[in-house]
Amino acid sequence: MKILITALAALLLSACSSEFDKVSAKAEQGDARAQYKLGLMYTFGDNVTQDDREAVKWYSKAAEQGNASAQNNLGTMYRNGRGVAQDYKEAVKWYTKAAEQGYARAQYNLGYMYIVGWGVTLDHKEAVKWYTKAAEQGDAMAQNNLGRLYGIGKGVVQDYKEAMKWYTKAAEQGAELAQFNLGFMYEMGQGVAQDYKEAVKWYTKAAEQGHSDAQYNLGLVYIEGKGVAQDYKEAVKWYTKAAKQGYADAQYRLGSFYNSARASDEELVKAYMWYSIAAFNGEKGAARMRDSTARRITREQAVKAQDTAREWMAKHQ
């Protein structure tokens, strides 16, 4: 059995080396597609030792031949300073070349550069232009960001219905930020009739993917019973998930949940703990509530709560 495993491992290694050798040979001969693929292999350490500089070398060769995928990836290497000195202008140059060929991911990246003003003058209208091109090709991140611009009226006339349209397209592709944004639009009744059940539906989808704002908002709707039966256990569940991601408001809410007029000593200790964590993370009012709670428990209980808070932060923050 050991001999068989060793033989299979050797065969697999040989196949990997063979694949790299084949791609490398084609790339050396000037094949742009192979040069791009070789760049990918070096980027991710696929059948070769990971090497950003080699990735940039091969992306550059392919990009100079007009390969849009390589142009986009080369732009990203310059943007992030991987394998090359960080250079936003150079990133914009290569994103533009790929975007003008209709490459959706480059169009999104170029739109982002205009939003933040990296390598170009900040220009929301240009951002809208490139996000739209990418969004129309189905790029979920571009769809979400385009929805955001329509929602706040930057680079385009504010239009909640248009924002809803693009959030929906992105959310249906599973984009968690768009799912959260869509849930918020339904909760607020912006661009659509207010619908708490739909808000809960989309908040849940985003929350299950780990979106902390959605987890916090889901905790709120369970506390208030909006679009769902009031359920304190569910509220605590989602507040806790957000709290573990450092969400100070969720930490404060957990403190308040345990700090009721009829709270037991154990619950007050939990309240003190959560207020302490929220205060550490900058939640206004948490320190005051922690001190108020301290007057309802013994010194020993306060020390216990402080120790628990430190242990919790060491584990989760």
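The model is predicted, so local features need pLDDT of at least 70 and side-chain atom pairs count only at pLDDT 80 or more, while totals for chains, interfaces and linings use all residues. Residues are numbered from 1 along each chain as its sequence is written, and side-chain values use heavy atoms, with hydrogens and water left out.

Tyr108 sits in helix H6, residues 104-116 (helices are DSSP runs of H or I with at least four residues, strands are runs of E with at least two, and both are numbered from the N terminus). Now show its contacts, leaving aside neighbours within four places in sequence: Tyr131, Ala134, Asp139, Met141, Ala142 and Asn145 (contact means heavy atoms within 4.5 Å).

Next, select helix H2, residues 32-44. At 1.5 Å a residue, its 13 residues should span 18 Å, and the end C-alpha atoms are 19 Å apart, which agrees (the expected span is 1.5 Å times one less than the number of residues). Buried residues in H2 include Ala32, Tyr36 and Leu38. At the N-terminal end, Asp31 caps H2, with a side-chain oxygen 3.0 Å from the backbone nitrogen of Arg33. After H2 comes Gly45, whose phi is positive, near 65°.

Move to Asn67, in the loop between helix H3 (52-64) and helix H4 (68-80). Is Asn67 buried or exposed? At 14% relative accessibility, Asn67 counts as buried. A polar atom of its side chain lies 3.1 Å from the backbone nitrogen of Ser69. Leaving aside neighbours within four places in sequence, Asn67 is in contact with Ala32, Arg33, Tyr36 and Ala62.

Then select Leu38, Leu218 and Trp274, which touch the most other members of the largest nonpolar core, a set of 88 residues (such a core is a set of buried Ala, Val, Leu, Ile, Met, Phe, Trp, Tyr and Cys residues joined through side-chain atoms within 4.5 Å). A second, separate core of seven residues includes Leu268, Val269, Tyr272 and Ile297.

Finally, zoom out to the chain. There are 17 helices and zero strands. The radius of gyration is 26 Å, well over the 20 Å that the globule rule gives for 317 residues, so the chain is more spread out than a compact globule (the radius is taken over C-alpha atoms, and the rule is 2.2 Å times the number of residues to the power 0.38).

Terms used: Buried < 20%, exposed > 50% of the residue type's maximum accessible area, 1.4 Å probe, protein only. Polar contact = N/O pair within 3.5 Å; in protein donor to acceptor, adjacent residues only side chain to side chain.
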